Amino acid sequence: MISSSNRFMSLRWKIFILLVLVLVGVQGAYALFSLAQLKTQFKQQRQQINNAEIARLNGSVEASYQRLLEAAELLPLIDTTHSADYVNPLTKLSQTMNLKFDAFELAGSVNAAYLYDSRARMVGFWGTRIHIPAAEIQSVYDTERPLRKLSCTTVCIRYVAIPIQINGKKEGVLMVGRFLYDVIYDIKQQTTLDIGLALQAPDDAGELSDWGLLINSLTNRSRNQELLEQLSEQAGFDPAGGVHRLEHESRVYEVLFSPLAGLADGGAYWVVMDDITAHQQSIRESLINYLLLGIGGISSALIILALMLQQPIRFFSILAGQLSMLSRGEFGEFRRSLENYQSRTAYLGQDERDQLVVSSIRLSEQLEGLEEEVNERTDSLEKSRQALRKERDFLFGLLETAPLLIITQNPEGDLRSVNHFGLQLMDLNGESVRKASYLSQLQREDERQEFISQTRRLTQGLETQVRTDSVLLDPSGNRHHISWLHARLRQSSGDEQLILSIGMDVSDRKRAEQRLHWLANHDPLTERPNRLFFMSCLNDAIEKSRTQKTQVAVLFIDLDRFKEVNDSLGHAVGDKLLKVATRRINDCIRESDLLARLGGDEFTVLLTSVRDLEGAEVVASKILQAFQQPFWIGEYEIVVTVSIGISLYPDHGSDGSALIKHADVAMFQAKDAGKNGYFVYDVEKDHQRYERFALGADLRKAISNDELVLHYQPQVDAATGTVVGVEALVRWQHPTAGLLSPDRFIPLAEELDLIIPLGEWVLREACHQMQAWLQVGVPPMKVSVNLAGQQIAHERLLSSVEEALEASGLSAAQLELEVTENFVIRQPEVTIGKLTYLRERGITLAMDDFGTGYSSLSYLKKLPIDKLKIDRSFVKDIGVDRSDESIIKATLAMCQSLGLEVVAEGVETPQQLQFMRDNGCQVIQGYYYSKPLPPEQFMDYICAVGQLRAVVED
């Protein structure tokens, strides 16, 4: 029976609803399809009508050219034979046309006429004025071919130009033109459509301003102009034309815009308007009629189907109620209830009801037979139990063939049974099992003791199962690692206590574990110990050395130029090179020493029991000597040297990590010293290296933390003693180390690629400070800023200078940039273009440290510089070294001839100042006048020398 919790719906209603949904769906889909077809047909019809109207308009325009041509040919026929000989025929014709043109225009033949002479010069014009290129007129005269053309500006006019002959002689060119209005009104008389002409409006003026169009002419203009203006506000316009739909006052209009042939797109458009309301209404009525007809058909079909299905549905309902008899086993009663339906009269032949009755009767008969079969199957279950016992025996035999050792034994180890696999491995047979002992099969005493202790725990009930490991020898003498599981067997009263032992051969796993252990502690490529194994051995050696009061040495070895080998010859060659290099190093050490590969091209050597540092140096020298010979890897001859660092226990560290770290530091010292050598760890150099690292880390944060400051050193005119400039020098106010000079951190900034942001900060800060000084009365002077070589080569140099000047408001004339001699001369292709731009910008350029590098006078002549700064290394030896004095004199003489200003750096004594003055040096910079000063002290200096001006406030 159907559960009361489930919702029930009669089959008759399900069939009825399904039929309704199917019929409505089919009818609706067909209605939508029909609507789409009607719309497509209507669109095609409208397209054909529009194409026909446009073709008629264009055809009328073409035909009108012939009428214009005839009018043009008639005009020159005006009689000019009675004119005086001295009167030019064109002039006479022009006078006559002045009298006759109004008549032609009133007759509707022409709206414009132009007369040109043989040189395309206008003799006269009548009517509307239009522009015709002189070249076209001249071409008509020369080729005697008529010209016909359409021109649209504020109106559309078509015109023809023909050569004219008077008295048998070609005299000039006549052009006649006519508006397109006649074409529009002629076509309007032949059709019910409204026709018009729209032109491109000047400056987007006109009636259709949103589209940039001007309505030139339009039939039924009082109504249609309003419709077009409404359409232009609702839709966009395509310069290629197109069709638009518009609804207005319950009417639907179709508007066609088609470009005029012979004009550029957007010049002028035919406008064709049609009221398509009736057509749209016809489509809707057709669809509604079709839907009403479909609904009537669906309703009729549903009524007929309901009448036809009434009896079958009633039959199915009764049958559904009687099927419950089958679940109760009332098979005979069920068949008797269906006999009435078997005898019913089938007027139109049998149907599914008859088949269902027959099938139901057969189903009841089969279910009745199935019940009897179930009873028979119950009897056969007992027979199946017997079969299961046989299967158990089969499983026992299967265990006999399993690749496991399965034995039973008493707690003393006396064997009671062994499976087939165990017999083969233990070299026993069925008769000798009872005489054999498990303990006799074990190879080591510790294995026997472990078995005895574990089985004692089993017999005492402390454990339900225990595990042991042992090694057995098979008849061939091969060793097998066996993992045993021992468990106590249940015993009946009076039976011998037995232990079940199951052994699994784990030899393959043992070998894999040994291989993994080897791989975990060795490098697969060189088969030498890795870092982990080396560290373990090193710590063991240190502990041993600590108790025996001996020394241990560590050599850290790195191959020089190994990366070049990998990059140029490939990693396969590099791997072979590492193998050969490993053998060479290993040949240089004792068997008691240990060679390991830490990774890449880095190796370490552990020297145990060395007497002193000299012993480690001897080994390092042997390794260096071994690498003097080239390597032959296949067809390649490779020369690779090594750099070695040495650390010694206990002098250089108390544990393995410290020794390896310090040997690594010493190796890098060897690298820095030129490679192919060894260095012993030096704690002082290590501290310097760490200090440099820490300083580099602090320098990265110095700019963002506002730790950088600028000091300013005055540049004084040697003749007057007034300050003419100032050089900005950066200092670092380190939080712990105090004020640091540029020598401490500028080279580090260049090495860490921090010189670019540092230099840009100096430039911005110096410009801001100079502008601030100028605003408080400091006399006009230049602020000098040093540019590093990396700054000059960087792509942001010019933009950073421009940004600094713009942000500060400083004039370019107040900025001086100093470039180093070595970089400028070494890379002129990078610098000359940028420096030239800066100089043209108005910025002064100075060459710093002149004379300390490899100066080239030819380059000096080409470089766009304004000043030379003589390095302090020459100035300090004035009065001491005649050579330096000669160099200074030569430099000053050269600058005077080249027109360069000279600044002497490092002037500290009156003797140095007097020498520079006597030899014509213009500007002095040095401690003689002042050291570099903070901004506040520099202002005090300016006030002290009396150069501060009064500031005039606006």
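The conversation below goes through the structure label by label.

Mentor: This is a predicted model, in which local features need pLDDT of at least 70 and side-chain atom pairs count only at pLDDT 80 or more, while totals for chains, interfaces and linings use all residues. Residues are numbered from 1 along each chain as its sequence is written, and side-chain values use heavy atoms, with hydrogens and water left out.

Trainee: How many helices and strands are there in the protein, and what makes a run of residues a helix or a strand?

Mentor: There are 31 helices and 31 strands; helices (H or I, at least four residues) and strands (E, at least two) are DSSP runs, numbered from the N terminus.

Trainee: How do you know that the length of α15 is close to what is expected?

Mentor: The expected span of a helix is 1.5 Å times one less than its number of residues. Helix α15, residues 531-548, has 18 residues and reaches 25 Å from its first C-alpha to its last, close to the expected 26 Å. For α19, the 17 residues should span 24 Å, and the end C-alpha atoms are 24 Å apart, so the two values agree.

Trainee: Which residues of α15 are called buried, and what puts them on the same side of the helix?

Mentor: Buried means under 20% relative accessible area, exposed over 50%, and partly exposed in between, with a 1.4 Å probe and protein chains only. In α15 the buried residues are F534, L538, A541, I542 and S545. They cover an arc (that of the directions from the helix axis to the C-beta atoms) of only 105 degrees around the axis, which puts them on the same side of α15. On the other side of α15, L532, D540, K544 and T547 are exposed.

Trainee: What do the buried residues of α15 pack against?

Mentor: Taking contact to mean heavy atoms within 4.5 Å, the buried residues of α15 pack against β16 (551-559), β17 (594-599), β18 (602-610), β21 (642-649) and α19 (656-672).

Trainee: Why is β6 described as largely enclosed?

Mentor: Strand β6, residues 194-200, has six of its seven residues buried, so the rest of the structure largely encloses it.

Trainee: What makes β6 a partner of β10 and of β7?

Mentor: Two strands pair if DSSP finds at least two bridges between them. With β10 (residues 268-275), β6 pairs in the antiparallel sense over six bridges, and I195 stands opposite V272. With β7 (residues 213-218), β6 pairs over five bridges, also in the antiparallel sense, and G196 stands opposite L218.

Trainee: How many bridges join β8 to β9, and which residue of their hairpin takes a positive phi?

Mentor: Seven bridges join β8 (residues 242-248) to β9 (residues 251-259), and these strands run antiparallel. H248 stands opposite R251, and in the hairpin, which has two residues between the strands, E249 takes a positive phi near 55 degrees.

Trainee: Why is A120 called buried, whereas R561 is called partly exposed?

Mentor: A120 has a relative accessible area of 14%, and therefore counts as buried, while R561, at 42%, is partly exposed. A120 sits in the loop between β1 (112-117) and β2 (122-127), with a positive phi near 65 degrees. R561 is found in the loop between β16 and α16 (562-569), and its phi is positive too, about 60 degrees, although R561 is not a glycine.

Trainee: What makes D612 partly exposed, and which residues does D612 touch?

Mentor: D612 has 36% relative accessibility, and so it counts as partly exposed. Not counting residues up to four places away in sequence, D612 touches Q551 and L648. The C-alpha atoms of D612 and V552, 60 residues apart along the chain, are separated by 8.8 Å.
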